[in-house]
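Please look at the model first.

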Amino acid sequence: MNDALLDWYAANRRDLPWRRTTDPYAILVSEVMQAWLDRWSTAASLARAPVADVLSEWVGLGYNRRALRLREACEVVAKHGWPDDLTELPGVGPYTAAALGAFAFGRDTVALDTNVRRVFRRLGCELSPRAGEGPLFNQAAIELGALVCRARAPRCDACPLEPECAWDGDPEVQRRPAVRFEDTDRWVRGRVVAALAAGDALPAVEAERLERALQGLVRDGLVQRDGKSVRLG
Ligand code: SF4
């Protein structure tokens, strides 16, 4: 199946700027920003988004916190170089470590993001790179998940793995009820940070949601609380 996947990728790959580098710093930054790209995958979709959503995503999704972890990781790298076990870096979990390992260091790791997990789940087996195939294999698997084995409308007729695939069609294409962004904790966290930055009152949301957001922000070192007083940390 690897050959079918790699041949398909050679013929269908998109030329994305972050694929043109093996600089581990650039790749680490692009992985940190991946959630942003997942939400707004094109310039047009970001241009259509309400400004409030964009700002909320930035603070609420944790980009402030991610920026701090990224800086801490770079402090470690500046002192000791890139570790063999990349999960030793602050803010780097198994997925980012696998992606960095493959794309920056040419390792044969598998970066299991949501799309790749979905491809493997539908296929009914997990593929892995053969020796030396790591970077191409991962790019191909991610691309297949993004372009062909899509969550809601997989294009099985265009899929190079179709002859081997175990997926029988049904359950996953059904739409899950969409959760409004305003109903998420991320949205509240974003509002809290924006209010504190502007010197405004905390957002008027249910006490329980506000408390959960504050606790999360304190835990992440973005906000300090002293009795009833709350300020950016
Ligand atoms: S045949 Fe369809 S379900 Fe199976 S991997 Fe390809 S796109 Fe996904």
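Across the domain boundary, 11 residues of domain 1 are in contact with 11 residues of domain 2; contact means C-beta atoms, placed from the backbone, within 7 Å. This is a predicted model: local features need pLDDT of at least 70, side-chain atom pairs count only at pLDDT 80 or more, and totals for chains, interfaces and linings use all residues. Residues are numbered from 1 along each chain as its sequence is written.

**Domain contact**
- α5 (51-60) and α6 are the elements that give two or more residues to the side of domain 1 that touches domain 2. Helices are DSSP runs (H or I, at least four residues), numbered from the N terminus.
- The largest share of that side, 6 residues, comes from α5.
- That side divides into 4 nonpolar, 4 polar and 3 charged residues. Here Ala, Val, Leu, Ile, Met, Phe, Trp, Tyr, Cys and Pro count as nonpolar, Asp, Glu, Lys and Arg as charged, and the others, Gly among them, as polar.

**Domain layout**
- Domain 1 covers 2-173 and domain 2 covers 181-232, with bounds from an automatic or database domain assignment.
- Their C-alpha centres lie 30 Å apart.

**Nonpolar core**
- The largest nonpolar core has 25 residues. Such a core is a set of buried Ala, Val, Leu, Ile, Met, Phe, Trp, Tyr and Cys residues joined through C-beta atoms within 7 Å; buried means 20 or more other C-beta atoms within 10 Å of a residue's own, with C-beta atoms placed from the backbone.
- α7 gives the most to this core, with 6 residues.
- Apart from this core lies another, of 8 residues, among them Val 192 and Leu 217.

Methods: A residue is buried if 20 or more other C-beta atoms lie within 10 Å of its own, exposed if 12 or fewer, and partly exposed in between; C-beta atoms are placed from the backbone. Two residues are in contact if their C-beta atoms, placed from the backbone, lie within 7 Å.
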